[in-house]
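Here is a short briefing on one protein chain. Keep the sequence and the 3D view open while you read.

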Amino acid sequence: MSSAPRVGDVKPDAIVERTVQTPCGELAVERPVRVADAATMVIFGATGDLAKRKLLPALYNLNGDRLLPEGFAVVALGRDAMTTDTYREKVSRDLQEFGTVTTERLKCEWLESRLSYLPSNFDDPAAYERLRETLAAPIAADGGRPPNYLFYLATPPLLFGPIVERLSAAGLLAEGRGWRRVIIEKPFGHDLDSARALNRRLAGLLTEHQIYRIDHYLGKETVQNIMAFRFANGIFEPIWNRRYIDHVQITVAETVGVEQRGSYYDRAGAMRDMVQNHLFQLLALTAMEPPISFEADAVRDERVKVLRAIQPLRLSDAALVRAQYDANAATNARAYRDEPEVAPDSRTETFVALRLLVDNWRWADVPFYLRTGKRLAARATEIVIHFKRAPLVLFRDTPVECLQPNQLVLRIQPNECIALRFEAKVPGPRVRLGTVKMDFDYADYFGAAPRTGYETLLYDAMTGDSTLFHRADIVEAGWAIVDPILRAWAETADRLHTYASGSWGPPAADALLAREGRAWQPPGM
């Protein structure tokens, strides 16, 4: 993320628009990166893991990038009994432990001075009256408080609706002098009916432009770069279709188990927790048509079209594998059913692999293979575009027996990069081919500092850009794909495979591709 000047730090003419000449020789208007609107961010669940590991470190980084205004403040609400001073001390410790960069005292003090803490029971209407009074009071930083409020619901999903209703009843959502926006974490519903019900509930209290349904995967640089990579490079967009692409693989692998989330995960499973949101959004960005612009609704229109074009899944299809991790004595890893707060006879899946088809002109008959799981061999998130093989005819009188397909790898984590693999002649008198790799690594090329993935999303919410957030129809389209499968799993004893912790999943996941003459690309290769 590029840095931006603060008003007051530089001369006025340093932040105005300029007319510059582009590399194409054309004249264009160069606009500086906009400092976020003066606002008060209200965090519900401010003593939880999300706040200390992601949100507050992200705010620290945004301030380091000079993207937060002087008129910025945070009101933290949590169930723990503590004072503002105690909370500030906690934040200072948390930033040192969970920050993505080494903290600097002055920057910590800048953020801490803007924090206030309200011990709150989110079910108590009196808590919202105290919040309203706090928001009406001045802050020490500049004597006034901006009228813009960003409410972040870092709470269990059951509280999303009640919190918004109580905010509305306290008069805190009505837009007058300033804006009011609500960020809602996942999971957004637990099936299609509940997602629709929550959308209706929110729509009765907020307009769609006030609702920011967040998916932190969309804040990662490589995810955002998918659109730039495709639509800014004439070399790739013409071949981004069924004529040149054989298939696409999307992998989101974790090495950890459910850890302390057993009670939540046993009700959710990999399909709800990962496929319905993260993997579907990666698929949508990979497969979407070019939007007419990068305006929020233009981009989201194309993403939802992809999800609506996915062929329905059925249990009878040989295109779906679910599994659960088992123990591994070699690594002392216990089985999923032995995890805390997990039912001893649980049939919850910790791994899912599926084959999807997108029924449109660009992608007809091109399979998209998706897999995600816990306790796998490595932590990795990547999209691999497998191009069709070149014909072997030219090499029939040489020792070359097989031409390897070209691959384009978009790696999102652990290290964000883009790699292209292609064939080249091995030096020597004989015609021999070897696979070579061209890598572009974000950290090496741009010197980018580590990020939480929330910086861009928080900044966008404060500037009113909803491009990377989910619209109501996108959420419902994702649930519509998986809902029939979830219902069928609940009603039938469909086979649940097992796999050893530390492996790449069950053999059935390999067979999903092998029956079509394909194989999973090992992440990181």
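Two strands count as paired if DSSP finds at least two bridges between them. Strands E7 (residues 180-184) and E8 meet that definition, with 3 bridges in the parallel sense. The model is predicted.

- Across the pairing of E7 and E8, Ile-183 has Tyr-212 of E8 as its bridge partner.

**Leu-202**
- Leu-202 sits in helix H6 (residues 192-203).
- Its relative accessible area is 0%, so Leu-202 is buried; the cut-off for buried is under 20%.
- Beyond its neighbours within four places in sequence, Leu-202 is in contact with Val-164, Ile-184, Phe-188 and Ile-211.
- Val-164 is 38 residues away from Leu-202 in sequence, yet their C-alpha atoms are 7.4 Å apart in space.

**Helix H9**
- Helix H9 covers residues 296-308, which is 13 residues.
- At 1.5 Å a residue H9 should span 18 Å, and its end C-alpha atoms are 19 Å apart, so the two values agree.
- The buried residues in H9 include Ala-296, Ala-298, Val-299, Arg-300 and Glu-302.
- Arg-303, Val-304, Val-306 and Leu-307 of H9 are buried too.
- An α-helix has 3.6 residues a turn, so residues three or four places apart point the same way.

Note on methods: Residues numbered from 1 in each chain as written. Predicted model: local features only at pLDDT ≥ 70, side-chain atom pairs only at ≥ 80, totals over all residues. Heavy atoms only, no water. Helix = DSSP H or I, 4+ residues; strand = E, 2+ residues; numbered from the N terminus. Expected span 1.5 Å × (residues − 1). Buried < 20%, exposed > 50% of the residue type's maximum accessible area, 1.4 Å probe, protein only. Contact = heavy atoms within 4.5 Å.
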